[in-house]
Amino acid sequence: MFRLREVLSRLPRARTAVLSLVALVAACGPVSLASNRSAGAATAPLSVTWMPSYAAPDTPAKYNKVGVLKVGPSSARNVLVLEPGTSAGSAYFVPLAKWIVSKTPGWQVWSVERRENLLEDESELNLFKKGNATATELFDYYLGYLKDPQITHHVQMIPNSTVEFAKNWGMNVAVQDLHTVIGVAKRLGGKVVLGGHSLGGTVVTAYATWDFNGKPGADQLAGLVYIDGASAPTPQALGSSGAPAPMTAALASQELQALDAPSVSPWLSFGGIAAPFAGLFEATGSAAALLDPTAPSLGQTSGLLPADIVPPVRVSNIGQYGFAQNVATSPPALEAAQAHLGTGVTSKGPIHGWNGAGALTPITRFASMFSGSGVNNADGTEWYFPQRLTDDTAAVADGNANPAQSVLDVRSTMGHHLPHGLLLYAFAAHLGGPGVLTATKILAQQSGIPTSHLTLVDEHTTYAHNDPAGAYPNNVFFSHLVPFLKKVDG
């Protein structure tokens, strides 16, 4: 028997990054593409619609695609496009999207599935979600084999050297893929609003201020939505020498050189954990918590989980899942993975469950977001998140030109040319904090967008990073989003 860190020490490791949204969710390292094992279901699940997209440098044609999970009536002409945050997948927004379309006639919600998710092997997760595999089979396929060599049916690792092309998947690729999605949405003839959570908020600013042949991306949009994430404004825009400065050209060059080294993974590494193990913990843990909640947790006794997320008492699948990601019990380093899921592990055993009293986000809803319940071939995590995309975010700078942009092929230079009629909604939760609102106000001021077009809500003292998408049935973010979309629709 051996621990995950011992397995990972034998694999190429990317540079350590600050734990971001879904710190247990989806660190990245290649796995084979999904096999076609899933059986039919009585009711058709949601599935990702893939469309041809930008031809990224050196990328095989089969990966030059972008996907969306479409929620809502196909007859609806207005579209809210949502960009997930770091290491989050399209299913993350599905419960929220279903709620939105139930309250906003005439709207669809399209949740973006980035191209890197084409690398995921969802085969056993599909089977488990349809009731055709047990929780043990699910765990063994993705993780159990690491300790038991007798398990021969399991996910297959692919060397990082075979996906070197993903080192080019930076902000330009993300924006071009969004351009594909928004172009399709525009053809429906209605209004299009672009929103993003966490790092997805930076992608929103990058797109809105991107120079598309002399016109900003925002010309295609009626509104922007920032969910606890936005790009950092320049010190000049803030009028403060203490503000975070954009990345310098020299540092951008260093980042590119470091990433280009043959031994370096294309994928972001969380806390030194290489791909895809953090994502596998989240995908399997959330699915087991949702679909087999009372069974004793296999993860707890596996010896693979970090010690600080292992409860001191024997817990069920839902008890382990809640302990790892609840604000009251999860370690501070994982704040980007957290939500207010309730009181904590139940007091009674021998197998302790979860006490959800006082939750902002019901734990079953949270587990549904990340497992992709009711979604085929996708979950709410991104097992592979490009290091290059993380590096490029520092050059966006509220759409103001800076030296790093030419190095990184970032063209977010139209920050002073957004349409005056654009509506903006920014919601600050714990991780992004009031800076999300500051960046949004500056973005509007640069282009002369009137303050009456801004909806700014600060809940950073009460909402954890993932509560805006998960809180139910009372949700401050949602309560402002619905009237915002109705205002957009005019």
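Predicted model: local features only at pLDDT ≥ 70, side-chain atom pairs only at ≥ 80, totals over all residues.
Local features need pLDDT of at least 70, side-chain atom pairs count only at pLDDT 80 or more, totals for chains, interfaces and linings use all residues, and side-chain values use heavy atoms, with hydrogens and water left out.

**The whole chain**

The chain holds 17 helices and 16 strands. Helices (H or I, at least four residues) and strands (E, at least two) are DSSP runs, numbered from the N terminus. Of the 490 residues, 60% are buried. Buried means under 20% relative accessible area, with a 1.4 Å probe and protein chains only. The chain exposes about 17,600 Å², and carbon and sulfur atoms supply 55% of that area. Accessible areas come from the Shrake-Rupley method with a 1.4 Å probe. A contact means heavy atoms within 4.5 Å. Among contacts between residues at least 6 apart in sequence, 77% join residues at least 24 apart.

Strand S7 covers residues 192-197, and six of its six residues are buried. Val192, Leu194 and Gly196 point one way. Val193, Gly195 and His197 point the other way. Two strands pair if DSSP finds at least two bridges between them. The table lists the pairings of S7.

| Partner of S7 | Partner residues | Sense | Bridges | Opposite residues |
|---|---|---|---|---|
| S5 | 78-83 | parallel | five | Val79 and Val192 |

**The nonpolar cores**

A nonpolar core is a set of buried Ala, Val, Leu, Ile, Met, Phe, Trp, Tyr and Cys residues joined through side-chain atoms within 4.5 Å. In soluble globular proteins, nonpolar side chains tend to be buried together. The largest core here has 49 residues. Val81, Met171, Leu194 and Leu224 touch the most other members. Helix H5 (residues 171-186) gives the most to this core, with seven residues. A second, separate core has 44 residues, including Phe323, Leu423, Phe427 and Phe478.

What does Val81 contact, leaving aside its neighbours within four places in sequence? Its contacts include Val192, Val193, Leu194 and Gly195. Trp110, Val112, Leu178 and Val181 are also among them.

**Helix H2**

Helix H2 spans residues 94-103. Seven of its ten residues are buried, so H2 is largely enclosed by the rest of the structure. The buried residues are Val94, Pro95, Leu96, Ala97, Trp99, Ile100 and Val101.

Conventions: Residues numbered from 1 in each chain as written. Buried < 20%, exposed > 50% of the residue type's maximum accessible area, 1.4 Å probe, protein only.
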